Structure formats: C-alpha cells, structure tokens
Number of protein chains: 2
Amino acid sequence: MEKIDRKILRLLADDGRMSYTDLGKATGLSTSAVHQRVKRLEERGLITGYGASIDHAQAGRPLTAFISITPFDPAAPDDYPDRLADVEEIESCWSVAGDESYILKVRVATPADLEALLARVRTMANVSTRTTIVLSTAYENRPIG
Amino acid sequence: MEKIDRKILRLLADDGRMSYTDLGKATGLSTSAVHQRVKRLEERGLITGYGASIDHAQAGRPLTAFISITPFDPAAPDDYPDRLADVEEIESCWSVAGDESYILKVRVATPADLEALLARVRTMANVSTRTTIVLSTAYENRPIG
DNA sequence: CTTGAAAACGTACGGAA
DNA sequence: TTCCGTACGTTTTCAAG
C-alpha cells in the first residue's frame with residue numbers, strides 16, 4: 001500500500017467526517033482523486049466503517065472492566081463469541097493466547113450490574129472469570145500511524 | 001438524558017457518517033432538529049469525535065497484544081500514560097485495579113516488533129510486563145445500547 | 001421544533017497526463 | 001491507471017419564527 005493511502009487512513013481514523021475537499025488539501029490531491037481512493041479503501045476492506053466515539057461515562061455506563069474467561073470443560077466448543085454476542089454490555093471480545101482463553105471488555109452502570117453480568121457470563125458460557133476493573137482510561141482507540 | 005438522544009448516539013456510533021436527513025427519518029425529527037441535537041451532544045462532550053475503523057491486519061499491523069505492566073518501584077510516580085504517549089504502537093492505555101497497574105493494547109507488524117516494543121516499554125517506564133497475545137478478534141468496539 | 005435559503009459537500013462522468 | 005475539472009443534486013449550516 002501506498003504513502004498517500006496511509007495518510008488518508010490516518011486522517012480518516014482521526015476524523016471520520018473530514019470532507020474530501022480537506023482530505024485533498026491535506027494530501028495534495030484533487031477532491032475527486034481522494035474520493036476515488038477512499039472508495040477503493042472501503043471496497044478493499046481497509047476502511048471497515050465509520051463511527052462516533054461516545055463518552056460512555058457520561059452516557060450512563062461509567063464502569064468499564066475486562067473479564068478474562070477460562071472454560072471449565074477444556075473440551076467444550078470454542079463458540080463463546082457467538083454465545084455472548086447478544087449481551088449488549090460486551091463491547092469487545094478477543095480470543096487470546098495466555099493464561100485465559102478469551103478477554104471481554106464490558107461497560108456497565110454500577111458494580112451491581114457488573115455482578116449480574118458476571119453471573120450471566122459464567123452460566124451462559126460455563127466458564128470461570130477473572131475481572132479487572134478499569135480505574136481510568138488514559139487513552140483508547142488512538143489512531144495508529 | 002433522553003430517549004431520542006440515546007437513539008441518535010446509537011445510530012452515530014454505528015455509522016458516524018449518517019446524514020442528518022437519515023437521522024431525522026430514523027428518529028422522526030426534522031433535519032434541523034437532529035442537527036441541533038447532534039451539535040448539542042458534541043458540545044456537551046457526549047460525542048467525543050468521529051473516526052474511521054481500520055482493518056489493522058490489512059494495514060500492516062496484524063499482531064495485537066495486551067501488555068499488563070507492574071512498576072518495579074512502588075513509590076514511582078503514576079505518569080505512565082504520559083511517558084508512553086509517544087509510542088505510536090500503543091492504541092489504548094488503561095489504569096486498572098487488579099494484579100497489575102496498567103494495561104496497554106498494542107498493534108505491531110511482527111513478533112520481533114513486539115519484542116522491541118516490550119523492551120522499550122520496560123526501560124521507558126521501569127516496569128515489568130506480562131503480555132497476552134490476541135489470536136483473533138471476534139468483535140471490537142461494538143456500539144453499546 | 002420548524003421553515004427557508006445560501007454555502008458547502010458528495011457524487012458521477014468525460015477527458016487528460 | 002491515476003488524476004483532474006465540471007456539473008448537478010444533496011446535505012450542512014445558520015437565521016429567524
């Protein structure tokens with residue numbers, strides 16, 4: 001991939017609403033040229049979508065936590081993401097190599113909600129859990145060069 | 001906060017480029033009414049920004065990892081986020097309550113890059129590290145209702 | 001919240017380097 | 001190919017009611 005495309009990705013990661021006009025000025029291309037490049041980046045799947053960043057604390061979910069899960073039954077099928085997909089408190093789900101099998105990132109309103117969520121996760125997925133509470137977020141989802 | 005604002009947040013989290021026209025149709029408001037609401041949500045800091053989601057694997061950083069860090073000196077000042085802010089491989093930095101003090105989420109191209117990054121983090125911050133490699137991302141930064 | 005009007009933007013297409 | 005200019009419809013934006 002090319003230098004200008006990288007720059008476009010960086011700019012759009014930083015401000016997904018930047019106009020093609022401004023993208024053009026920033027890259028030294030015409031509006032239509034950047035437009036074509038962005039469309040191509042979308043088609044090739046390099047840009048997977050656009051989203052707004054929400055202040056979840058202000059939006060009613062001030063408590064963030066990581067839940068690491070370990071299956072009770074080592075022979076159990078690895079379909080945790082599917083089984084947990086409907087749990088809206090779960091923001092992210094990674095399969096990992098390490099002490100545990102999966103890591104979930106969750107957002108809830110109160111400790112009581114976290115407790116209830118943990119109970120749900122444990123019974124839905126038949127796993128043991130280890131929870132790490134987030135005290136503060138220094139930065140999150142920074143655009144990466 | 002109100003039901004319609006919640007809906008707007010959800011829609012924009014899902015598609016940060018949705019037009020005010022479409023937001024209006026989805027919420028039953030006029031274009032300018034949603035426009036005003038969105039601007040107010042931005043001013044109040046509920047919407048902190050807009051971004052494009054990048055396929056980092058395709059963009060040259062296929063390897064994601066979590067690095068948990070523990071200070072060697074328990075009396076050391078808690079300025080790790082600042083000290084590490086210039087390290088572009090670090091996408092997120094959380095202060096946590098648990099076995100460790102901070103969790104970093106990083107993206108690199110190769111295991112060798114991860115090795116070099118770990119060395120940098122250890123010396124820059126005078127910490128010990130525990131690394132968890134991400135095998136696959138089931139979902140990440142899902143919009144939360 | 002609505003209307004309304006001007007400016008800016010997205011988008012498609014033909015042609016040039 | 002990739003890029004540029006033009007042209008048209010749509011969207012954004014900002015008053016004022």
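**Entry 1: Ser92(A)**

I began with Ser92(A) and, leaving aside its neighbours within four places in sequence, I found it in contact (heavy atoms within 4.5 Å) with Ile103(A), Leu104(A), Lys105(A), Tyr139(B), Glu140(B) and Asn141(B). I note that this is a predicted model, in which local features need pLDDT of at least 70, side-chain atom pairs count only at pLDDT 80 or more, and totals for chains, interfaces and linings use all residues. Residues are numbered from 1 along each chain as its sequence is written, chains are lettered from A and ligands numbered from 1 in the order in which they are written, and side-chain values use heavy atoms, with hydrogens and water left out.

I located Ser92(A) in strand β3 (residues 90–97) of chain A; strands (E, at least two residues) and helices (H or I, at least four) are DSSP runs, numbered from the N terminus. Is Ser92(A) buried or exposed? Ser92(A) counts as buried because its relative accessibility is 1%; buried means under 20% relative accessible area and exposed over 50%, with partly exposed in between (1.4 Å probe, protein chains only). I also recorded that the side chain of Ser92(A) reaches the backbone nitrogen of Asn141(B) at 3.0 Å.

**Entry 2: helix α1 of chain B**

I next looked up α1 (residues 3–14) of chain B, which has twelve residues and reaches 17 Å from its first C-alpha to its last, close to the 16 Å expected at 1.5 Å a residue. That expected span is 1.5 Å times one less than the number of residues. The buried residues of α1(B) are Asp5(B), Ile8(B), Leu9(B), Leu12(B) and Ala13(B). They line one face of the helix, because seen down its axis they fall within an arc of 130°, taken from the directions from the helix axis to the C-beta atoms. On the other side of α1(B), I found Lys3(B) and Asp14(B) exposed. The cover over the buried residues includes β1 (47–54) of chain A, as well as α2 (20–27), α3 and β1 (47–54) of chain B.

**Entry 3: DNA strand C**

Which residues surround DNA strand C? I listed Ser19(A), Tyr20(A), His35(A), Lys39(A), Ser30(B), Ser32(B), Ala33(B), Gln36(B) and Arg37(B), where near means a heavy atom within 4 Å. The largest share of this surface, four residues, comes from α3(B).

I then noted individual distances. A backbone N or O atom of Tyr20(A) lies 3.1 Å from a phosphate oxygen of DNA strand C, and a polar side-chain atom of Ser30(B) lies 2.7 Å from a phosphate oxygen.

Methods: A polar contact is a pair of N or O atoms within 3.5 Å; within protein, one must be able to donate a hydrogen and the other to accept it, and residues adjacent in sequence count only if both atoms are side-chain atoms.
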